[in-house]
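Please consider the protein chain shown below. The account that follows begins with one pair of residues and then widens to the whole fold.

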Amino acid sequence: MKDGMSGKDFFALAFGSMIGIGWVISIPAWMAAAGSIGAIIAILVTMLVIIPIGFVYGELTSSLKISGGEYAYTYLAVGKLSAFVCGWFLVLGYLIILPWVAVSVAALTSYLFPSMDAIPLYSLFGSVIYLPHLIVSLIMVTTMVYLNYKGVKQSSKFQNIATWMMIATFFVFIIGGFLTGSSENITQTTSDSGLIGGVATAIASILFFMNGFDTIPKARNEAGSNINKANLGKAIVGTIIAGSLLYSVIVLASSFIMPANELVNLGELPLVSAFEAATGSKFLTTVIVFGVLLGVITTFNGFLFAGSRLVQSFSEAGFLPKVLSKEDQDNKTPKNALIFMFIVTVFGIFLGQGILAPFIVMGGISFLIAWFFMSLSSVQLYKKKPNMHRPYSPPGGIITSYIATFFSGILTLLMVIPGTPISLHGIEYILFVIWLIIGIAIYASYSRNRIDFKGDVE
């Protein structure tokens with residue numbers, strides 16, 4: 001019997017977390033901004049920017065057997081304050097993603113069953129909250145929390161099955177798009193405002209759909225005893241490459257189906273609507289929606305799995321109340337962290353998609369901050385522990401770490417500085433400052449605690 005997660009399990013965790021609902025909503029926007037060829041260029045450029053960060057993640061995850069992931073590595077390499085900032089914003093990222101994904105499940109289900117758009121309860125920020133939507137979201141959340149509570153085996157098994165089923169539906173979309181579409185529909189290959197401007201605009205959005213590979217460090221201690229540690233690094237980098245190439249092929253298939261300027265005007269699920277119009281098949285369209293649903297649920301499961309372990313270890317280390325670190329003795333799962341994330345997610349579901357939307361960009365900057373600290377930690381460890389055993393050693397060594405630090409640092413600054421293509425706006429700046437102030441108060445309360453981590457270098 002398998003005693004923990006395998007390399008394939010880690011790949012399913014990361015890839016299933018990365019590919020969710022974003023592709024059916026955002027790819028038409030990328031194509032409208034940069035053109036069909038421009039969008040592919042933007043995806044590949046983003047991949048090249050993220051790969052050095054992936055190398056850093058692979059190196060540290062395979063080398064440091066410490067619970068907690070990014071913030072724990074940062075504590076070892078840089079120090080307590082940097083570790084807290086890294087972990088504090090990571091917690092925000094996970095708490096934002098989960099309710100948004102849960103709400104998206106109901107929106108997708110209502111595409112298949114329009115009668116769900118009934119029994120309106122109230123409206124917040126332009127979003128109507130329907131009773132059937134609430135019920136579907138709550139059922140999904142409760143089921144996923146229960147699976148994660150029962151243990152890593154059940155959660156990993158679901159993630160594997162759902163991820164491969166989701167990948168199968170992508171082939172249905174891609175093959176259907178090429179067979180029923182036409183190359184004559186590729187009328188807008190680049191942006192009207194110029195290739196560079198269009199690609200830059202698309203990259204700003206693509207960045208937010210490239211996280212997911214960073215779920216692996218939080219699940220590091222769930223690895224089976226016989227796993228080749230280098231496979232953790234391969235799973236991280238492989239996820240980035242596979243996800244980017246899949247996005248690129250979907251863009252090309254979408255270009256065959258319909259011109260970009262028409263795709264972007266097809267409602268909440270533009271690619272699904274375009275696919276149905278091109279194929280004329282309700283059955284195949286239902287298969288696609290089912291695949292998107294699986295993608296959304298695997299995203300939720302992956303981030304719940306990683307996020308609950310992040311909260312547990314952040315508490316266990318001494319940065320949060322100890323009650324959140326309590327583990328279920330029978331299942332060896334982060335019981336109280338799962339309950340905490342369940343409560344926050346349910347609260348977010350009742351707020352609806354309208355009020356959750358501004359938080360999504362906050363999720364983006366949260367992960368960028370973690371990427372920066374991971375990259376900086378790698379640089380510091382090369383200096384402090386030059387002879388450290390690295391089961392997964394990226395090409396270029398410390399040079400790659402410097403490149404990752406530069407890219408992640410620049411991207412973070414571009415989000416904070418007003419007026420850039422990816423900068424925060426109005427309410428987002430307010431939310432960022434509020435979370436920062438709360439973090440300062442939390443750090444002041446717990447900074448005197450003894451910081452304790454399980455594990456060390458391999």
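Serine 123 has valine 128, in strand β3, as its bridge partner. This is a predicted model, in which local features need pLDDT of at least 70 and side-chain atom pairs count only at pLDDT 80 or more, while totals for chains, interfaces and linings use all residues. Residues are numbered from 1 along each chain as its sequence is written, and side-chain values use heavy atoms, with hydrogens and water left out.

Strands β2 (residues 120–124) and β3 (residues 127–130) run antiparallel and are joined by four bridges; strands pair if DSSP finds at least two bridges between them. The two strands form a hairpin with two residues between them, and phenylalanine 125 in the turn has a positive phi of about 50 degrees.

Helix α6 (residues 131–150) packs against helix α13 (residues 335–351) at an angle of about 170 degrees, their axes lying 11 Å apart. The two helices are therefore roughly antiparallel, a term for angles over 145 degrees; axes are lines fitted to C-alpha atoms over the stretch in contact, and angles run from 0 to 180 degrees between N-to-C directions.

Overall, the protein has 16 helices and four strands, taken as DSSP runs of H or I with at least four residues and of E with at least two, numbered from the N terminus. The C-alpha trace spans about 60 × 50 × 50 Å along its principal axes. Of the 458 residues, 58% count as buried, meaning under 20% relative accessible area with a 1.4 Å probe, protein chains only.

Technical notes: Parallel < 35°, antiparallel > 145°, perpendicular 65-115°, else oblique. Buried < 20%, exposed > 50% of the residue type's maximum accessible area, 1.4 Å probe, protein only.
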